[in-house]
Amino acid sequence: MSSKIMYNYRAFDLLIQSELPFRELLPTSPIGSDVNPIIIGFNSVSPYGLVGSLSLNTPSYQATSDELWLHIPDVARFLIMNGNQIYIDPLPKADEDSIRLFVLGSCMGALLMQRQLLLLHGNAIKIGAQCISFIGNSGSGKSTLSGAFFKRGYSILADDICVINNEGEVLPSFPQIKLWADVAKKLMINTQTLKKIRPDVDKFALPLKQQFHSKATQLRIVYLLETHHQKEISITTLTGMEKLHALQHHVYRKMYLSNQARKHLCFKQCMQLASIIEFVRIRRPIDGFTLDAIINKIKLDLMKRGFTENALTQ
Amino acid sequence: MNTLCLTSIISRNHDVAYTQIDTDLVLLEPNMNIFCNVNPTGAALWTLLENNALTLDALCKYICNNYRVTEDECLKDVTQFVEEMVDQKLFIIANCEK
């Protein structure tokens with residue numbers, strides 16, 4: 001009989017049972033409707049990759065239709081299988097913070113994609129009874145906006161991986177946002193009591209506590225964040241194919257879509273999402289703008305789209 | 001390839017995924033080719049064939065009855081549209097009786 005302690009958590013509407021404790025995740029007790037939990041455990045993972053016919057093959061990741069193998073130098077090899085298992089094989093110099101970071105990011109992303117969910121690289125913030133999502137390239141300001149909305153009292157469903165089901169609802173991830181040191185300073189969030197996400201990275205984990213929204217919520221608007229060389233903040237509504245191209249471009253870990261069938265499904269899901277959400281492109285100056293100015297522009301835009309003062313006053 | 005004639009029976013390729021995104025009708029063919037139709041008459045014909053297979057003649061009559069176009073223009077435009085759609089494997093010609 002196994003003597004391993006398993007920790008139970010709930011994230012992405014799934015029950016997770018893990019050998020490794022995760023302070024980032026919401027602890028839970030299994031309930032009657034839980035079937036087939038996600039299992040996260042330590043196991044040896046081949047240094048050579050997968051056996052069988054590979055649909056993806058690079059030095060850092062390989063895939064077959066049901067498995068993804070990941071090699072993260074100085075951290076671990078991971079094996080993500082069948083949308084319900086993650087094996088962790090730590091490498092000699094690994095620290096636990098880095099292992100947890102990659103499990104909750106790339107591994108969980110791969111697992112959710114194996115479960116045929118649509119994942120966008122972005123956050124999700126509750127506004128009224130619905131939510132909005134900010135997507136964009138690295139450095140575009142997604143985390144800054146997560147932090148800014150948090151500071152203003154809004155509840156957050158997701159920070160990095162925005163998971164959307166077939167009904168167009170964002171599934172709640174886990175109660176943490178990640179903030180760079182300089183962003184935290186700008187937002188006047190004290191990092192002294194916060195833990196770094198990885199030893200040598202100046203990014204901090206901020207627990208959301210009561211400001212984590214743990215129910216699946218209808219996604220209403222996606223905001224695409226970009227920068228430009230002009231001095232103003234511009235806001236443009238995108239429609240039709242433009243919407244679709246932008247959504248598809250910002251799918252989380254697109255390179256893990258291991259075969260034609262998965263790419264086809266992902267594109268179909270982007271099409272369906274594009275048909276029900278509003279899509280807005282925000283272009284901000286690279287320098288010389290205030291966070292307040294962007295938030296105010298966003299709030300004005302939300303009011304134009306029917307969100308009430310009540311929903312916007314936190 | 002079948003030659004298109006008035007009695008050709010045209011149906012949709014039901015392996016094509018489609019969605020109306022604002023004013024764009026977007027079609028996704030199984031091999032990942034994406035088509036976007038911004039022409040309202042094209043979209044109307046796509047919708048008309050949702051649960052039906054219809055002859056080219058019937059399609060032309062529908063367009064003539066619902067849009068301001070002459071019969072000749074209608075035949076030319078609808079034929080061209082159907083040929084393009086067949087070419088892209090979005091429509092299928094079931095048979096052609098001469």
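First, the ground rules. The model is predicted, so local features need pLDDT of at least 70 and side-chain atom pairs count only at pLDDT 80 or more, while totals for chains, interfaces and linings use all residues. Residues are numbered from 1 along each chain as its sequence is written, chains are lettered from A and ligands numbered from 1 in the order in which they are written, and side-chain values use heavy atoms, with hydrogens and water left out.

Let's start with the cysteines. How many disulfides does a search of the whole structure find? Zero, over all chains. A disulfide here is a pair of cysteine sulfur atoms within 2.5 Å. Take A:C270. The nearest cysteine sulfur belongs to A:C266, and it is 4.4 Å away. A:C270 is buried, at a relative accessible area of 0%. Buried means under 20% relative accessible area, exposed means over 50%, and partly exposed lies in between, using a 1.4 Å probe and protein chains only.

Now chain B. B:C60 is in no disulfide either. For B:C60, the nearest cysteine sulfur is that of B:C74, 4.6 Å away. B:C60 is buried too, with a relative accessible area of 8%.

Where is A:R253 found? In the chain A loop between α4 (240-249) and α5 (260-276). Helices (H or I, at least four residues) and strands (E, at least two) are DSSP runs, numbered from the N terminus. A:R253 is partly exposed, at 26% relative accessible area.

In chain B, look at B:D22. B:D22 sits in the loop between β2 (17-21) and β3 (24-28) of chain B. B:D22 is partly exposed, with a relative accessible area of 37%.

Last, some strands in chain A. Two strands pair if DSSP finds at least two bridges between them. Strand β11 of chain A (residues 124-127) pairs with β12 (residues 130-136), antiparallel, through three bridges. β11(A) also pairs with β13 of chain A (residues 156-158), again antiparallel, over two bridges.

Which residue is the partner of A:I125 in β12(A)? A:I132. In β13(A), A:I125 stands opposite A:I156.

Finally, the turn. The hairpin of β11(A) and β12(A) has two residues between the strands. There, A:G128 takes a positive phi near 60 degrees.
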